[in-house]
Amino acid sequence: MRSPALPLQDGDLLAAIDLGSNSFHMVVSRYVLGQLRTVDRIREMVRLAEGLDGKGGLRADVRQRALECLARFGQRLRDIPPQRVRAVATNTVRKLAAPQGFLVPAETALGHAIEIISGREEARLIYLGVAHAQLPRPGQLRLVIDIGGGSTECIIGSGLDAIERESLQLGCVATTARFFGDGKLSRKRWDEALIEVAAQFQQFAGVYRHLGWQETIGASGTIKAVGEICASMKLTKGAVTAQALPHVRDRLLAARRIDQIDLPGLSGERRPIIAGGLLVLEAAFATLELERMGVSKAALREGVLHDMLGRGGADDPRDASVLALMQRYGIDATQAERVAGTALQLFDRVSRDWSLDAEDRLMLARAARLHELGLAIAHSQYQVHGAYVLQHSDIAGFSVPEQRVLAALVRNHRRKVAKSALDVVPDRLLPATRRLTALLRLAVLLHRSHDPAPLPDLRLFADGGTLTLSLPAQWIEVRPLLQSDLVEEPAAFEPLGIALRFEFRQ
């Protein structure tokens with residue numbers, strides 16, 4: 001269920017699944033000569049956002065619709081190895097009060113793990129997908145806008161890198177329900193809604209306009225649909241322009257009711273939600289002073305595929321994020337590398353017996369490099385400060401569950417183990433998280449003195465829930481502080497469900 005480090009072999013299949021608020025998408029590609037070639041696409045309009053209630057619950061019939069769709073996706077994925085599949089959930093699942101109540105049966109139906117990603121991580125992946133499909137010119141800045149079912153992402157990027165990322169709680173499903181929930185359309189209602197929606201864009205419009213861009217591209221269903229309407233009305237050849245939008249809007253409002261909308265090129269399945277999507281698009285054009293927007297065939301799922309190629313390799317965006325955090329918070333890089341080296345040495349001793357994989361190893365190394373992040377805030381309870389930053393920041397490359405695991409490791413690397421930090425980790429990741437916590441605690445403890453001298457031969461053995469560390473007696477005898485720490489540590493391990501023992505060899 002986890003994605004180990006690549007590289008891929010020629011001919012390998014990869015699949016990305018996007019659990020959007022409006023549609024669920026799956027794309028299957030083959031890796032050939034360093035390129036991804038699409039071999040299959042499946043899209044189903046699930047309208048997950050339609051089932052949200054005001055308390056973070058999901059209506060039973062919408063939930064069932066989603067599970068049936070995922071079961072069909074799972075059938076197509078049956079012959080693809082789990083490590084070559086990545087599924088991400090977006091705005092609607094982020095809004096659920098108890099997401100595990102949906103994710104557990106959803107993962108069972110799909111047959112693969114599903115990761116919740118933050119709005120800004122969604123934005124990064126959208127930009128990555130669009131950039132790979134239509135590579136910008138060198139030195140050119142590009143604005144990418146994606147209007148989904150529950151959120152809208154706006155990104156300015158250069159090359160393959162997103163520079164500015166914003167995610168707004170505006171989408172075609174949610175906005176239609178909010179402003180036109182009774183099915184009625186009028187110019188007065190539209191203008192009032194436009195002011196409210198435009199205010200959301202105003203939060204960052206000044207920063208974006210100051211940075212500037214040379215090209216604007218739209219992605220996903222709403223913008224594709226509006227582009228097709230513009231072409232069918234002979235207003236453009238498929239792009240969306242500031243001159244064309246008022247004509248589309250006026251024709252939509254002439255219907256007076258959503259079920260009576262008659263726009264050329266608009267599919268029947270998109271008619272019920274086009275009003276909200278067009279409203280968000282008009283607000284974006286007005287606030288960001290756009291003139292023309294091209295339309296991309298790529299979106300989030302293509303970005304997920306390309307992100308999979310970098311994960312575990314030299315271009316893993318998570319490693320770049322860890323380095324950026326180390327620099328931003330002034331982490332002692334020498335000490336961090338000492339702890340990381342020892343943690344990985346311990347990991348390699350027990351990984352087979354504890355069923356830990358390559359992705360676990362990467363997570364342990366990242367937690368070791370970031371374990372002192374909280375010192376930039378305060379020495380007292382610095383593990384708490386560091387964990388808070390890691391759990392609540394937008395960290396490029398990391399999914400929400402990955403950030404929770406990282407935060408749990410940093411929170412519990414010293415002092416008492418906080419059950420609250422483990423409670424937010426998905427059940428499927430808990431066993432590995434507990435074991436990685438144990439290894440990180442030992443590595444930090446062995447380097448508490450910040451002594452640059454190398455450690456002696458460390459021998460670590462895992463037998464089920466028992467962990468035995470063997471150290472040279474002569475080495476430990478001259479380190480009274482470490483002796484004291486070792487006496488107290490077995491009690492700290494108990495909440496992890498691990499019995500810690502020591503052997504002192506002659």
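Me: Which residues does Asn22 touch, not counting residues up to four places away in sequence?
Reply: In this predicted model, Asn22 touches Met45, Val46, Arg47, Leu48, Gly149, Cys172, Val173, Arg270 and Ile273, with residues up to four places away in sequence left out of the count.

Me: And where is the place of Asn22?
Reply: Asn22 sits in the loop between β1 (13-19) and β2 (23-32).

Me: Does Asn22 count as buried or exposed?
Reply: Asn22 counts as buried, because its relative accessibility is 5% and the limit for buried is under 20%.

Me: Let us turn to the sheet. What is the order of the six strands?
Reply: The order is β8-β7-β6-β9-β11-β10. The sheet is open, and its pairing is mixed.

Me: Which strands stand at the edges?
Reply: The edge strands are β8 (161-168) and β10 (240-241). Each has a single partner strand, so one side of each lacks a neighbour in the sheet.

Me: In what sense do β10 and β11 pair?
Reply: β10 pairs with β11 (residues 292-295) in the antiparallel sense, over two bridges. The bridge partner of Thr241 is Arg292 in β11.

Me: Which strands does helix α9 touch?
Reply: Helix α9 (residues 274-287) packs on the sheet and touches β6, β7, β10 and β11. The direction of α9 makes about 155 degrees with that of β6.

Me: And which strands does helix α4 lie across?
Reply: Helix α4 (residues 119-133) lies across β6 (141-147), β7 (152-158), β8 and β9 (215-219). Helix α4 runs at about 130 degrees to β8.

Me: A change of topic: how many aromatic pairs does a search of the whole structure find?
Reply: The search finds five aromatic pairs. One of them joins Phe180 and Trp190: the ring centres are 5.8 Å apart and the planes are at 20 degrees, so the pair is stacked.

Me: Where in the chain are Phe180 and Trp190?
Reply: Phe180 is in helix α5 (residues 172-180) and Trp190 is in helix α6 (residues 187-211), ten residues apart. Both Phe180 and Trp190 are buried. Together with Phe179, Phe180 and Trp190 form one aromatic cluster.

Me: Lastly, at what angle do α12 and α17 pack?
Reply: Helix α12 (residues 333-350) and helix α17 (residues 430-446) pack at about 135 degrees, with their axes 8 Å apart. That angle makes α12 oblique to α17. The crossing is right-handed.

Me: Which residues in α12 and α17 meet there?
Reply: Among those in α12 are Val339, Thr342, Leu346 and Phe347, and the residues they meet in α17 include Leu436, Leu439, Leu440 and Ala443.

Notes: Residues are numbered from 1 along each chain as its sequence is written. This is a predicted model: local features need pLDDT of at least 70, side-chain atom pairs count only at pLDDT 80 or more; totals for chains, interfaces and linings use all residues. Side-chain values use heavy atoms; hydrogens and water are left out. Rings of Phe, Tyr and Trp (its six-membered ring) pair if their centres lie within 6.5 Å; planes under 30 degrees apart count as stacked, over 60 as edge-to-face and the rest as tilted. Helices (H or I, at least four residues) and strands (E, at least two) are DSSP runs, numbered from the N terminus. Buried means under 20% relative accessible area, exposed over 50%, partly exposed in between (1.4 Å probe, protein chains only). Two strands pair if DSSP finds at least two bridges between them. Contact means heavy atoms within 4.5 Å. Axes are lines fitted to C-alpha atoms, for helices over the stretch in contact, and angles run from 0 to 180 degrees between N-to-C directions. Angles under 35 degrees count as roughly parallel, over 145 as roughly antiparallel, 65 to 115 as roughly perpendicular and the rest as oblique. A crossing is left-handed if the near helix is turned anticlockwise from the far one by less than a right angle, and right-handed if clockwise.
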